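I opened my notebook and went through this structure one topic at a time.

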Amino acid sequence: GLWMDSMCIPEQGQLRKSAIRLMKKTYAEATAVLVIDSGIQSCSASAPLEEKLRRILTSGWMQRLWTLQEAQLAPKLYFQFSDGPVNIENLFPTKYEDSADPLLLSLGIEVFRLTHFRVFGRKAFNVTQIARALKWRTTSKAEDETIAIAGLMDIDAGKLVDVPGYERMKTFLLLMGKVPPSIIFAPVERLSMPGFRWAPHTLMVPDLVATLLNEGRDAECTPDGLLSEYEVLRFPETHIDEHSTCVIKDSTKGQTYQ
């Protein structure tokens, strides 16, 4: 059988919702996913590895929200080049001289991220991982964001499709239950709902990834707000030149803060 979203997902509301509910199953049980993108197809499979990686990373396919789950959930992922398909497993630097090339290694790592779900035994993404995967992606329907990533977060998309678009991020966070405590410091647009004014309006922003830390603990999402513990520094009012660097030392703990 053949599945193509634009051909196989009905336009009619309830039928479309049913198809979306099954998308995780559709991709996960496919024999393989073949990426057909005009930018990638204009490159030969025999081209240098760097060029092939660049074509993938700058392709329209790579920049769309909905294609993330097909890349991650597929048992096998192929890219259609001008003279034939290439398995993603054959697009990573393997030679010593290639691995020693910083640019090639960096490009390879970004493409390798598309295998995360398979490599780590289909373990659900956490917020930091999904934010990194989404940071350069876009969608024409912002309200579809949480539905498109639910399958990667071990969340039932069926619990989101009937929720009004403006409430989906709130519902998504409640279903997820845990987020990094540092999420409250991200310089991003927030939800305006009571109890969720800490929450990002979207996860598809590069600034979010830069803020999230590997903290070894989680904050709990509740209907009434975010529950977590934070360390607070209190010191006398001080005026500091914004262009200078200030270092504060806690003499009782021997800890310094910049």
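**Entry: terms for strands**

Two strands count as paired if DSSP finds at least two bridges between them.

With that settled, I looked up Cys 221 and found that its bridge partner is Leu 226 in E6.

**Entry: what kind of model this is**

I noted that this is a predicted model, in which local features need pLDDT of at least 70, side-chain atom pairs count only at pLDDT 80 or more, and totals for chains, interfaces and linings use all residues. Residues are numbered from 1 along each chain as its sequence is written, and side-chain values use heavy atoms, with hydrogens and water left out.

The score pLDDT is the predictor's confidence in each residue, from 0 to 100. The protein chain averages 89, and 99% of the residues score at least 70. Among the elements, strand E2 (residues 77-81) has the highest mean pLDDT, 97, and helix H7 (residues 96-99) has the lowest, 68. I wrote myself a reminder: where pLDDT is low, the predicted coordinates should not be read in detail.

**Entry: the overall picture**

I listed 13 helices and eight strands for the protein chain. Its C-alpha atoms fill a box of roughly 70 × 55 × 30 Å, taken along the principal axes.

Next came burial: buried means under 20% relative accessible area, exposed means over 50%, and partly exposed lies in between (1.4 Å probe, protein chains only). Of the 258 residues in the protein chain, 40% are buried.

**Entry: a three-stranded sheet**

In what order do the three strands of the open sheet lie? I read the order as E4-E5-E6, with antiparallel pairing. The edge strands are E4 and E6, since each pairs on one side only.

Strand E4 (residues 178-179) pairs with strand E5 (residues 219-222) over two bridges. There, Val 179 stands opposite Ala 219 in E5. On the other pairing, E5 and strand E6 (residues 225-227) share three bridges, and a hairpin of two residues joins E5 to E6. My background note says that strands of a sheet pair through backbone hydrogen bonds, either parallel or antiparallel.

**Entry: cysteines**

I returned to Cys 221: is it buried or exposed? Cys 221 counts as buried because its relative accessible area is 7%. Cys 246, at 31%, is partly exposed.

Then I searched for disulfides, each a pair of cysteine sulfur atoms within 2.5 Å. The count by this rule is zero.

**Entry: salt bridges**

A salt bridge here is a side-chain nitrogen of Lys or Arg within 4 Å of a carboxyl oxygen of Asp or Glu. How many does the structure hold? I found six, and I looked at some of them one by one.

Arg 21 forms a salt bridge with Asp 162, with the closest N and O atoms 2.8 Å apart. This pair links distant parts of the chain, 141 residues apart: Arg 21 is in helix H2 (residues 13-21), and Asp 162 is in the loop between helix H11 (145-150) and helix H12 (168-176). Arg 21 is partly exposed at 30%, and Asp 162 is partly exposed at 47%.

Glu 29 forms a salt bridge with Lys 25, and their closest N and O atoms are 3.0 Å apart. Here Glu 29 is exposed at 57%, while Lys 25 is partly exposed at 47%.

Glu 110 forms a salt bridge with Arg 113, the closest N and O atoms being 3.3 Å apart. I have Glu 110 as partly exposed at 28% and Arg 113 as partly exposed at 34%.

**Entry: backbone angles**

Most residues other than glycine have a negative phi, and most peptide bonds are trans. Arg 122 sits in the loop between helix H9 (116-119) and helix H10 (127-134), and it is partly exposed at 36%.

Asp 154 also has a positive phi of about 60° without being a glycine. I found Asp 154 in the loop between H11 and H12, where it is exposed at 61%.

Notes: Helices (H or I, at least four residues) and strands (E, at least two) are DSSP runs, numbered from the N terminus.
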